[in-house]
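Colleague: I'm new to this one. Can you put it up and walk me through it?

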Amino acid sequence: MLVTIDLDKCAGHARCYAVAAEYFDIDDDGYAAAARVIVPEGAENLAIEAVAACPERAIQICEA
Ligand code: F3S
């Protein structure tokens with residue numbers, strides 16, 4: 001599953017990292033560190049939780 005993060009929308013809430021630290025990386029200030037994340041088969045619900053957790057709606061699932 002390909003997940004994209006709009007780094008312009010990211011406000012550094014770091015909730016994506018709190019939900020799925022294995023896939024979402026943050027920088028020292030708590031902002032998303034990568035614009036694209038590949039979430040492997042079997043972990044899709046973590047990606048879905050991360051989408052729901054971001055208050056800025058910065059995370060989108062691009063490919064199932
Ligand atoms: Fe940024 Fe949203 Fe994650 S604001 S750090 S993409 S929870």
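Colleague: Of the 64 residues of the chain, what percentage count as buried?

Modeller: 31% of the 64 residues count as buried. Buried means under 20% relative accessible area, exposed means over 50%, and partly exposed is in between, with a 1.4 Å probe and protein chains only. Keep in mind that this is a predicted model: local features need pLDDT of at least 70, side-chain atom pairs count only at pLDDT 80 or more, and totals for chains, interfaces and linings use all residues. Residues are numbered from 1 along each chain as its sequence is written, and side-chain values use heavy atoms, with hydrogens and water left out.

Colleague: OK. How many helices and strands are there?

Modeller: The chain has 2 helices and 3 strands. Along the sequence the pattern reads β-α-β-α-β. Helices (H or I, at least four residues) and strands (E, at least two) are DSSP runs, numbered from the N terminus.

Colleague: And why call the chain as compact as a globular protein of that length?

Modeller: Its radius of gyration is 10 Å, close to the 11 Å that the globule rule gives for 64 residues, so the chain is as compact as a globular protein of that length. That radius is taken over C-alpha atoms, and the rule is 2.2 Å times the number of residues to the power 0.38. The C-alpha atoms fill a box of roughly 30 × 20 × 15 Å along the principal axes.

Colleague: What about contacts across the sequence? What share join residues at least 24 apart?

Modeller: 63%, counted among contacts between residues at least 6 apart in sequence. Contact means heavy atoms within 4.5 Å.

Colleague: Let's go to helix H2. Which of its residues are buried?

Modeller: Ala47, Ala50 and Ala53, in a helix that runs over residues 44-53. They cover an arc of only 125 degrees around the axis, which puts them on the same side of H2. The arc is that of the directions from the helix axis to the C-beta atoms.

Colleague: Which residues are exposed on the other side of H2?

Modeller: Asn45 and Ala52.

Colleague: And what covers the buried residues of H2?

Modeller: The cover includes strand E1 (2-5), helix H1 (15-19) and strand E3 (59-63).

Colleague: Take isoleucine 5 in strand E1. Buried or exposed?

Modeller: Isoleucine 5 counts as buried, because its relative accessibility is 8%. Leaving aside neighbours within four places in sequence, isoleucine 5 is in contact with Phe24, Ala32, Ala34, Ala35, Val37, Ala58 and Ile59. Its C-alpha atom is separated by 8.9 Å from that of isoleucine 61, which is 56 residues apart along the chain.

Colleague: Now the loops. Where is arginine 57?

Modeller: Arginine 57 sits in the loop between H2 and E3. Its relative accessible area is 53%, so arginine 57 is exposed. Its phi is near 55 degrees, a positive value in a residue other than glycine. Most residues other than glycine have a negative phi.

Colleague: What is phi of alanine 14?

Modeller: Near 60 degrees, also a positive value in a residue other than glycine. Alanine 14 is in the loop between E1 and H1.

Colleague: Where does aspartate 29 lie?

Modeller: In the loop between H1 and strand E2 (36-38). At 62% relative accessibility, aspartate 29 counts as exposed.
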